[in-house]
Amino acid sequence: MKKIILFLSALALFAACGQPDSDRDALEPYAKEHMENPASYEFGYMSMPHKYTYMEDLITYKVGVQGLREKAEDKTAYDAELDKIDDLLIEVGNEVACYDRTLYFWYKTGENGTLKMEDFVIGRFSADGRLLEATKNPDSLPTYPALQMLKDQGKL
């Protein structure tokens, strides 16, 4: 029985390691375009996905709108926005809006191309795995991506 479990574990590990990583494939060209010596590119590793759900961003937004509503004399516009937020919480709830992954890599630089440097590229992907944006500057990515997606869709 132990041999069967060991064999199945090894088979699962082999299958997981053998699958191509489409996120990596999407980020590597961007990384190579933004380095001194693209020919020296060497893959390091990929981070685990950091997922953004609609619920997290909508609740943050709702709290902000409620705070503004309390200070406002005319609460009508804020009430309408809060109703929209509640409807969206029911509609999209815990769905993943997008996710970020980071590609870490090595490349050679320096006068003779012998100095090995580590660098990274962050990619933001749609829930279905399509690359939305790639950057080397994490501060350039929107802080509340699910809200931005809802806004782009005309839902907020």
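Here is a quick tour of the fold, the cores and the helix packing.

This is a predicted model, where local features need pLDDT of at least 70, side-chain atom pairs count only at pLDDT 80 or more, and totals for chains, interfaces and linings use all residues. Residues are numbered from 1 along each chain as its sequence is written, and side-chain values use heavy atoms, with hydrogens and water left out.

**The overall layout**

- The chain has five helices and five strands, taken from DSSP runs (helices are H or I, at least four residues; strands are E, at least two) and numbered from the N terminus.
- Of the chain's 156 residues, 31% are buried, meaning under 20% relative accessible area with a 1.4 Å probe, protein chains only.
- Take the contacts (heavy atoms within 4.5 Å) with a separation of 6 or more: 62% of them link residues 24 or more positions apart.

**The cores**

- A nonpolar core here is a set of buried Ala, Val, Leu, Ile, Met, Phe, Trp, Tyr and Cys residues joined through side-chain atoms within 4.5 Å.
- In the largest one, which has 15 residues, Tyr54, Leu58, Ile85, Ala97, Cys98 and Leu150 touch the most other members.
- Helix H3 (54–71), helix H4 (76–92), strand S3 (96–109) and helix H5 (145–152) each give two or more residues to this core, and H4 gives the most, with five.
- Apart from this core lies another, of 12 residues, including Leu27, Ala31, Met46 and Phe125.
- Setting aside neighbours within four places in sequence, Ile85 is in contact with Leu58, Tyr61, Lys62, Val65 and Leu156.

**H3 against H4**

- These two helices pack at about 165°, with their axes 10 Å apart; axes are lines fitted to C-alpha atoms over the stretch in contact, and angles run from 0 to 180 degrees between N-to-C directions.
- H3 and H4 are therefore roughly antiparallel to each other, a label for angles over 145 degrees.
- Residues meeting here include Leu58 and Val65 in H3 and Leu82 and Ile85 in H4.

**H3 against H5**

- Here the angle is about 85° and the axes are 7 Å apart.
- That makes H3 roughly perpendicular to H5, a label that covers 65 to 115 degrees.
- Tyr54, Asp57, Leu58 and Tyr61 of H3 make the contact with Pro145, Ala146, Leu147 and Leu150 of H5.

Technical notes
Buried < 20%, exposed > 50% of the residue type's maximum accessible area, 1.4 Å probe, protein only. Parallel < 35°, antiparallel > 145°, perpendicular 65-115°, else oblique.
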